[in-house]
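Look at the sequence and the structure first, then read the sections in order.

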Amino acid sequence: MTLKGHACAFGAGTIINAIATWKGAAFGIDLKTFAEVKLSEGETGIAGSIEGAPEGDTRLIERCVELVLERFGLELGGTIRTGSEIPLAGGLKSSSAAANASVLATLRAAGETMPALDIVKMGVRAAKEVGVTVTGAFDDACASFLGGIVITDNRKMELIRREEADSKVLIFAPAKKAFSADTNVKRSQLIAPYVEMAYELALAGEYERAMTLNGFLYCGALGFDTEYMLRALECGVKGVSLSGTGPSYAALVKAEQVKELRSAWESCGMEGRVIETSINNRDAKSFDGRGHPE
């Protein structure tokens, strides 16, 4: 007998990148990653595949399945397949979304349940074990799974606050990729006192100012162009940042700002695409494996 499970989880955008201080903040975005798990008795090992990336690294999604099976003492083997609307290695939390979706799909296949934060922490553990993240990206994983805006302490794996927000989100996703595990951590740590200031703004609910300050700090530390942020500010946008460790930029925008900012970003000359989406406030458990509300 083959057990099947489907799930989806969401991407996220950065308010505070946690690499400098281990304290982060992020918001869920309405771009989905889908996972399909098939498990059988008598099979050994987990084989992963990623749609559209036949040479992609499948260690994260495979480890997520393994951890769930270990947690419940299940001697099963099978496959895990993921597909995504989120650009890979773009700073939009594709790894966190893949981990969350993989854990949730495995639970559904096995007929088991876990509290939401335990699901998130299992995905974070898998990400750390396979080396795709520096801090474990607990902030990104919480935003991906829980939706809304989250503030976290990644070292303590503590969710400090979650609240809902309504905003359109405009993303510039360059064609080039930047993998989180390759980030210059020493450079990021140099700006820690100033990132702490941005984090305090987030704690005070000043999310747009926090993410803009975060963006200029990390662009400087990691060598990314600030032109995309300045173009957004010229359009009247209050909140714009390098997302994650780049190379994508994300902005919280009003409906009337979308067209102007899209045009401004497209005229910057870097190869890439502009993605229009919105903040997602619903958690991953609220959706079936095809991304429809349950």
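## Aromatic pairs

Searching the whole structure, which is a predicted model, gives three aromatic pairs. One of them is formed by F172 and Y228 and is stacked, with 4.7 Å from centre to centre and 20° between the planes. F172 belongs to strand β7 and Y228 to helix α8 (residues 227-234), so this pair ties together parts that lie 56 residues apart in sequence.

## The four-stranded sheet

Strand β7 is part of an open sheet of four strands, whose order is β8-β9-β7-β10 and whose pairing is antiparallel. At the edges are β8 (239-242) and β10 (272-278), each of which pairs on one side only. On average, neighbouring strands of the sheet are turned by 15° against each other, direction ignored.

Between β7 (residues 168-174) and β10 there are seven bridges, in the antiparallel sense. Within this part of the sheet, A173 stands opposite R273 in β10. Helix α9 (residues 258-266) packs on the sheet and touches β7, β8, β9 and β10; the direction of α9 makes about 10° with that of β7. Helix α7 (residues 207-222) lies across β8 and β9 (249-253), and runs at about 30° to β8.

## Helices α8 and α9

Two packed helices are described by the angle between their axes and the distance between the axes. For α8 and α9, the axes come within 9 Å and cross at roughly 150°. Angles over 145 degrees count as roughly antiparallel, and that makes α8 roughly antiparallel to α9. The crossing of α8 past α9 is right-handed.

In this contact, Y228, R231 and A232 of α8 meet L261, A264 and W265 of α9. By class, the contact has five nonpolar residues, no polar ones and one charged residue.

## Helices α6 and α7

Helix α7 also packs with helix α6 (residues 192-203): their axes come within 7 Å and cross at roughly 165°. The two helices are therefore roughly antiparallel to each other. Here α6 passes α7 in a left-handed crossing.

On the α6 side, the residues in contact are Y194, V195, M197, A198, L201 and A202; on the α7 side they are Y207, R209, A210, L213, N214, L217 and Y218. These residues divide into 11 nonpolar, one polar and one charged.

## Helices α3 and α4

How are helices α3 and α4 oriented to each other, roughly antiparallel or oblique? Helix α3 (residues 116-130) and helix α4 (residues 138-146) pack at an angle of about 135°, and their axes are 10 Å apart. The two helices are therefore oblique to each other. Their crossing is right-handed.

From α3, the residues A116, L117, I119, V120, K121 and V124 meet F138, A141, C142, F145 and L146 of α4. By class, this contact has 10 nonpolar residues, no polar ones and one charged residue.

## The β5-β6 hairpin

Strands β5 (residues 149-153) and β6 (residues 158-163) run antiparallel and are joined by five bridges. I149 has E163 in β6 as its bridge partner. The two strands form a hairpin with four residues between them, and in the turn M157 has a positive phi of about 55°.

Key
Residues numbered from 1 in each chain as written. Predicted model: local features only at pLDDT ≥ 70, side-chain atom pairs only at ≥ 80, totals over all residues. Heavy atoms only, no water. Axes fitted to C-alpha atoms, helices over the stretch in contact; angles between N-to-C directions. Parallel < 35°, antiparallel > 145°, perpendicular 65-115°, else oblique. Left-handed = near helix turned anticlockwise from the far one by under 90°. Contact = heavy atoms within 4.5 Å. Nonpolar A, V, L, I, M, F, W, Y, C, P; charged D, E, K, R; others polar. Pairing = 2+ DSSP bridges. Phe/Tyr/Trp six-rings, centres within 6.5 Å; stacked < 30°, edge-to-face > 60°.
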